[in-house]
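I opened this structure to look up a few residues and the elements around them, and I kept notes as I went along.

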Amino acid sequence: MSDMKYDYDLLVIGSGPGGEGAAMQAAKGGKRVAVVERHVSLGGGCTHWGTIPSKALRYSITSTMNALKNPMFREWGIRVSPTMKQLKQGTQAIIGKQVQMRQSFYDRNNVPVLKGTAVFVDDHTVDIEGERVTAGYFVIATGSRPFRPDGVDFSHPAIYDSDTILELDTKPHTITIYGAGVVGTEYASMFRNLGIKVNLVNTRDKLLEFLDDEIIDALSYHLRDQGVLIRHNETFESIEGCEGVGDCGAVLTLKSGKRLKTDVILWANGRQGNTAKLGLEAIGIEPNSRGQLIVDDQFLTARDHIYAVGDVIGYPSLASAAYTQGRAAAMHMLGEKDGNLRVHDIPTGIYTSPEISSVGKTERELTAACIPYEVGQSNFKSLARAQIVGATVGMLKLLFHRETREILGVHCFGVNASEIIHIGQAIMNQPAPNNTIEYFVETTFNYPTMAEAYRVAALNGYNRLF
């Protein structure tokens, strides 16, 4: 039952995927819910300056450049070079549709959206632009922003972070990207596809170390093959924008002594949780050094009525994960202690060119755990559909237990990897014995399709058994 001594049963702070997931789940459960959003429109960073605009730009770049590379266009004498402004033309329309759709969710479920910044006054009260609002429970879903190191002038016209880079209207000739995580590698692919010379500076010795080693090697090879210059094990010393008359660009100085001068520098190294203005000191919650909140398996903070979800809690910092986490937190608040969500079964989706997606264990993890596994692999160059659409770069890899044939991990590199992965994800989570590679061996797939890679990979794995 609702606790009528408060204005709301649940107050959600932030309307990104995590906040939306929590608000919708709690509202469906009969609770009185409100959402606080400080931005002028709903959707959070995901909708306005993160996932949606960056993926819309990626699609625009990929589809445009693929069309321009078509031999027919060259035979017809078509030679064009689209500007950044032209490539971004459709982005605002997509964002507008997303905002409108999300507003309809809140309207249909009678969830008011309170505009302003929420600041905790005490355990059950927040101040929103001078108005006090009380609630029995809270979900903090305020997201994150790019970490900005001291001493770097991000107001300089040649220095950007992963939020402001989408404001770039002029296509540079050269760019240096500092930080080779998911965001850095995605933008390296995008800019290289536009013919821009790219330096990708990695603070570690491998790209995206959480991935399967073979996928890491494939990504590194194809980025270099496309012309991206990757520099591993480098650490930032300083970034300085050029100020001379007629000069432009910026210089990145590394602790190794190297200096890189390019038209643009993109800082893509780390995120900072949006917690500084929440007044958390009033309720005894202390963020870590990156402004992130520590939560337990139920997404509860140090206070048993305050949850936190999404980028504000750090890894995996995915929109898909945030939405699931928000729903899981609301289900726990509703008394469904175990829930029914697979919060530990969230696939990676990395929108480089080609795409990367994976779910489950890597070979490195299985080897360390001494689990007897085998590998089934399908190269896209052998698939009829890949040959037809001209997307032969890539592969699908199935990791499965030698004795039980249970699928332990699925890893995909290539066109539509983020879609292809869901087939393997669905089967590996079926109850035994329905979670084995036998499903792919015995099932008829449409032909020609990319999904056929599962049958090819399963048969390939079977051939390794004895």
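The entries below follow the order in which I looked things up, and I kept in mind throughout that this is a predicted model.

**Entry 1: Arg 58**

I began with Arg 58, which I found in helix α3, the helix that spans residues 51–68. Is Arg 58 buried or exposed? Its relative accessibility is 15%, and because buried means under 20% relative accessible area, I noted Arg 58 as buried. I then looked up which residues Arg 58 touches, leaving aside those up to four places away in sequence, and I wrote down Met 190, Tyr 351, Thr 352, Ser 353 and Glu 355.

**Entry 2: helix α3 against helix α7**

How are two packed helices described? One gives the angle between their axes and the distance between the axes. For α3 and α7, which covers residues 182–193, I noted an angle of about 35° and axes that lie 9 Å apart. I also recorded that the crossing of α3 and α7 is left-handed.

**Entry 3: strand β9 and its partners**

From α7 I went on to the strands, as α7 belongs to a right-handed β-α-β unit together with β9 and β10. Strand β9, residues 174–178, is mostly covered, with four of its five residues buried. Which strands pair with β9? I found that five bridges join β9 to β10, residues 197–201, and that these two strands run parallel; within this pairing, Thr 176 has Asn 199 of β10 as its bridge partner. I also found β9 paired with strand β15, residues 264–267, in the parallel sense over four bridges, and here the bridge partner of Tyr 178 is Trp 267 in β15.

**Entry 4: Leu 399**

How far is Leu 399 from Tyr 373 in sequence and in space? I wrote down 26 residues in sequence and 6.5 Å in space, taken from C-alpha to C-alpha.

How values were computed: Residues are numbered from 1 along each chain as its sequence is written. This is a predicted model: local features need pLDDT of at least 70, side-chain atom pairs count only at pLDDT 80 or more; totals for chains, interfaces and linings use all residues. Side-chain values use heavy atoms; hydrogens and water are left out. Buried means under 20% relative accessible area, exposed over 50%, partly exposed in between (1.4 Å probe, protein chains only). Contact means heavy atoms within 4.5 Å. Axes are lines fitted to C-alpha atoms, for helices over the stretch in contact, and angles run from 0 to 180 degrees between N-to-C directions. A crossing is left-handed if the near helix is turned anticlockwise from the far one by less than a right angle, and right-handed if clockwise. Two strands pair if DSSP finds at least two bridges between them. A crossover is right-handed if, with the strands pointing away from the viewer, the path from the first strand over the helix to the second runs clockwise.
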